[in-house]
Amino acid sequence: MANGNGKNGHAAAAKPALSPRLAALAAVLPEQGRVLIIPHDYPDPDAFASAAAMHLLLKEKFGVRSRIVFTGMVNRAENREMIRHCRYGFTFATRLQLGRKRPAALVLDGVPWSGRVTVPTGARIVGVIDHHPQTRAKKGFEGLMDFRPGTGATASIMYEYLKEAGVAVPAWLAALLLYAIATETMDFSRRFTPLDLEAYSALLPRANMKILGAIRHAALPRSYFALLREAMDHAQLYGRVAWTHLDAVEHPEIVPEIADLLSHIERVTWSFCTGWRGDEMLISMRSSQPGARCGRLLRTVIGARGTAGGHFNMAAGQLDLTGKTPAEREELREGIVRSLVGWLERRSADSEEPFDTQSHPLVAPPIKPAP
Ligand SMILES: [Mn+2]
C-alpha cells in the first residue's frame with residue numbers, strides 16, 4: 001500500500017530518487033577522495049569524450065572530484081585538436097603518484113580485463129562502462145558493470161547518465177561528444193541504436209559548432225603524408241579485401257586510420273593495416289559487410305600470439321615480437337596476412353563476385369615516360 005507519510009516518503013520528497021543507473025553509480029563512489037577516470041589506452045575520441053563527460057557528471061551530480069588518467073599518447077591530428085578543447089585536465093598514468101592512497105577508479109570504453117586498458121598500480125576499479133560487443137562481465141568483480149554491446153558509442157551512454165542526472169552539458173563538451181558519436185558510428189553508417197541518435201540530436205543544438213569544425217578539419221602534419229605514401233605503396237587488393245603495411249610506426253593511431261582509409265575503396269568490404277612499432281606488431285581491421293565479426297576474426301587469427309578486440313565492424317590487435325629477428329618478424333606478418341585473407345576468401349565464397357586468383361597493388365606504379 002502506498003503511504004505518503006512514512007519516513008521514506010518524506011526523504012523522497014526532500015531529495016528526488018536517483019534513476020536505477022545513477023543509483024548504481026552512486027553506490028560505488030567513495031565517501032571521500034578523488035576518483036580516477038580511466039579511458040582505454042591511446043584513447044580515441046569516444047574514450048576521451050566519455051571520460052570528460054564522467055568528470056562533469058561526478059562533479060555536478062555527486063560533488064565528487066576526479067582526474068582523467070590514461071596510458072599512451074594521443075597523436076592523431078583530429079584527436080589532439082579535440083583534447084585541446086577539453087576544459088578538464090588529465091594525467092598520463094606514468095606520471096601518476098598515488099603514494100599509499102588506493103583511489104577508486106572508473107574505466108570507460110573498455111574493460112580492464114581486455115588488455116586494452118592499463119590500470120595504474122594501486123587503483124581500485126569500482127566501475128566499468130563499455131559498449132564493445134565482445135565485452136564480458138568478469139566473475140568476482142563486484143563493482144558497477146554497465147555493458148551495452150551494440151550501442152554505437154560510450155559517449156551516447158554517458159549522455160544518458162547526464163540526461164538522467166539533469167546535468168547541463170557545456171557547449172565544448174557537447175562538441176566532443178558529438179565528434180565521438182560521429183567517428184564511432186562513422187556518421188551512422190555503422191551499427192547504432194536509438195540512444196545514439198537521441199544523443200546526437202539532443203547534443204547538436206547545444207554544441208559549439210566552431211569547436212566541432214576545428215576538430216573535423218584539424219591541420220595534418222607533414223609526417224602524415226609520408227606515412228600515407230608508404231601505405232599506398234604497400235597496399236594490396238584481393239577480391240573484396242584491401243590491406244597494407246607500415247614499416248616503422250611511431251604513433252599507433254596511424255594504423256587504424258589507414259585501415260579506415262582503405263575501407264573507402266569501392267567494392268572493398270574488408271580492409272586491414274599492419275605496422276611495426278618497436279617490439280610490437282599492430283594490426284587494425286575494418287569491415288562494412290553485414291554480420292562481420294572483426295573482433296572475433298582477429299582473435300582467431302592472432303590466437304595465443306597476441307591480443308585482439310573490437311567491434312563487429314572494426315577491431316585491433318597486437319603481437320609481441322620481442323626476441324624475433326627481422327626475418328622472423330616478416331614471416332610472422334606474412335603468415336597473419338595469409339590466414340586473414342584466407343578466412344575472408346572462404347567467407348566470401350558464396351558471394352556473387354568470386355575472388356581474383358591473385359592480389360594486385362592498389363596503386364599501379366607510375367608509367368615511366370619513354371626515353
Ligand atoms: Mn568506443
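Asp 187 sits in the loop between helices H6 and H7. Its phi is near 50°, a positive value in a residue other than glycine. Helices (H or I, at least four residues) and strands (E, at least two) are DSSP runs, numbered from the N terminus.

This is a predicted model, in which local features need pLDDT of at least 70 and side-chain atom pairs count only at pLDDT 80 or more, while totals for chains, interfaces and linings use all residues. Residues are numbered from 1 along each chain as its sequence is written, and side-chain values use heavy atoms, with hydrogens and water left out.

**Helices that pack together**

Let us start with how pairs of helices meet. Two packed helices are described by the angle between their axes and the distance between the axes. Here the axes are lines fitted to C-alpha atoms, for helices over the stretch in contact, and angles run from 0 to 180 degrees between N-to-C directions.

| Pair | Angle | Axes |
|---|---|---|
| H6 (171-184) and H7 (194-203) | about 145° | 10 Å apart |
| H6 and H8 (209-216) | about 40° | 8 Å apart |
| H2 (20-28) and H3 | roughly 90° | within 12 Å |

H6 passes H7 in a left-handed crossing, but H6 passes H8 in a right-handed crossing. A crossing is left-handed if the near helix is turned anticlockwise from the far one by less than a right angle, and right-handed if clockwise.

Which residues of H6 meet H7? They are Ala 174, Leu 177, Leu 178, Ile 181 and Ala 182, and their partners in H7 are Asp 196, Ala 199, Tyr 200 and Leu 203. Contact means heavy atoms within 4.5 Å. By class, this contact of H6 with H7 has eight nonpolar, no polar and one charged residues. Ala, Val, Leu, Ile, Met, Phe, Trp, Tyr, Cys and Pro count as nonpolar, Asp, Glu, Lys and Arg as charged, and the others, Gly among them, as polar.

Towards H8, the H6 residues in contact are Trp 172, Ala 175, Leu 176, Leu 178, Tyr 179 and Ala 182, which meet Ile 211, Leu 212, Ile 215 and Arg 216. The contact of H6 with H8 has nine nonpolar, no polar and one charged residues.

In the H2 and H3 pair, Leu 22, Leu 25 and Ala 26 of H2 touch Met 54, Leu 57, Leu 58 and Phe 62 of H3. The residues of this contact divide into seven nonpolar, no polar and no charged.

**Helix H12 and its cover**

H12 (residues 326-347) has 22 residues and reaches 32 Å from its first C-alpha to its last, close to the 32 Å expected at 1.5 Å a residue. The expected span is 1.5 Å times one less than the number of residues. Among its buried residues are Arg 329, Leu 332, Ile 336 and Leu 340. Buried means under 20% relative accessible area, exposed over 50%, and partly exposed in between (1.4 Å probe, protein chains only). The cover over the buried residues of H12 includes strands S7 (236-238), S8 (241-246), S9 (270-277), S10 (280-287) and S12 (314-320), and helix H11 (294-302).

Thr 269 lies in the loop between H10 (254-262) and S9. Is Thr 269 buried or exposed? Thr 269 is buried, with a relative accessible area of 16%. Leaving aside neighbours within four places in sequence, Thr 269 is in contact with Arg 240, Arg 286, Ser 287, Ser 288 and Gln 289.

Tyr 42 is found in the loop between S1 (35-39) and H3 (45-62). Although Tyr 42 is not a glycine, its phi is positive, about 45°. With 27% relative accessibility, Tyr 42 counts as partly exposed.
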